[in-house]
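Welcome to this short tour. Please open the model in your viewer, show it as a cartoon, and keep the selection tool to hand.

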Amino acid sequence: MLIDTHCHLDFQGFDRDRDDAIERSRSEGIGFMINVGSSLAGTRDSIELAEKNDFIFAAAGIHPHEADTVKEEDLKAFEGYLGSDKVVAIGEIGLDYYKNISSKDNQKMLFIRLLNEAKARGLPLIIHNRDAHRDTMAILKDVMGSSIRGVMHCFSGDEEFLKDCLDLGMFISFTCNLTFKNAGRLRDIARLVPMDRFFLETDAPFLAPQIFRGKRNEPAYIKYLAEEVARIKGLSFEEIEKITTENAKKLFNLARIPPSVKAGMKAASGRGTGS
Ligand code: NI
C-alpha cells in the first residue's frame, strides 16, 4: 500500500471524473490520500471529500498566494474547520517568492498565523516553500522552535536547506517531478535524504510523471514515483512502499483511524491490514 501524502482532488481539473480518479487510486493500491487544502474553499472541499471517502484525509491550509486577499472572517471560518476528525495536518502553508502573487509581508503574516494555529492544536505541518528558503526557515524556527513535526512538500532546495530541514526533524517530500528526464539535480538531493524521512506525493493535478508529462497528474500515478525512488535508493519497490507508508502514518498519526474506517479499507482492498 502506498500513501499519496499530498493531492488536490478538489481542484477543477477533477470536476469531470473525480469519483473515477478516486476509484483508480483505490484499485492501484493507494491506502490513504491526504487531500491538501490551499484556500478556505479548498479546505472546506477537502474535508467534504474526506468525509465521503474512508481512505481520504484532509489537510487544512491557506496557500501563500491567497495572503493578499484573505480576510479576518476567512481565518475565523478556517479555525472552525479544524475541529473535523478528518483533518490530520495544517497545510499547505508557507512562502512563495517564485510567483510572488501576494506581497511578502502578507505571506509572512499569514504563515505565522497558521503556524500558531497548528501549534495550539498540536497538528503536524505541510510546508510550501518556493525560492524563500531563508525566510521559511527563520519563521519556522521562530514560531515552532528547534523541533518540528512536519513535511517540506515538493522539495526544491539545495543541500544546505535540506540539512536545515533534517536538523529540525522534518520529513522531506518529493513529487513526480523526480521522474523528469532533466531532474538530475533533484535526484542527487533525493539520494541524500535518509529513508526514515522520505515522503511520496503526487501534488495532483500538477507535475505528472515523465511518461505523462504535460498531462494531468492523479494519485494513481504515485507508483511511477515509487519506482523512481526505488531506482535512486537501490531498494525494492516493496521496501519503498513499506517505509514511506510508515513515515506518513507516523507524521499524520493515521494509527488513530477509527475501526470502522479500517474495516472499510479491509473490505475495499480485499486483503488483511494486519490489525
Ligand atoms: Ni500542493
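Start by selecting Ile 222, Leu 225, Ala 226, Glu 228, Val 229, Ala 230 and Ile 232: these residues of helix H8 are buried, meaning under 20% relative accessible area with a 1.4 Å probe, protein chains only. The model is predicted, so local features need pLDDT of at least 70 and side-chain atom pairs pLDDT 80 or more, while totals for chains, interfaces and linings use all residues. Residues are numbered from 1 along each chain as its sequence is written, and side-chain values use heavy atoms, without hydrogens and water.

Now show the whole of H8, residues 222-233: its 12 residues reach 16 Å from first C-alpha to last, close to the 16 Å expected at 1.5 Å a residue, where the expected span is 1.5 Å times one less than the number of residues.

Finally, zoom out. The chain has 10 helices and 8 strands, which are DSSP runs numbered from the N terminus (helices: H or I, at least four residues; strands: E, at least two). Its C-alpha atoms fill a box of roughly 50 × 40 × 35 Å along the principal axes. Colour by burial, and buried residues make up 53% of the 275 in the chain.

How values were computed: Buried means under 20% relative accessible area, exposed over 50%, partly exposed in between (1.4 Å probe, protein chains only).
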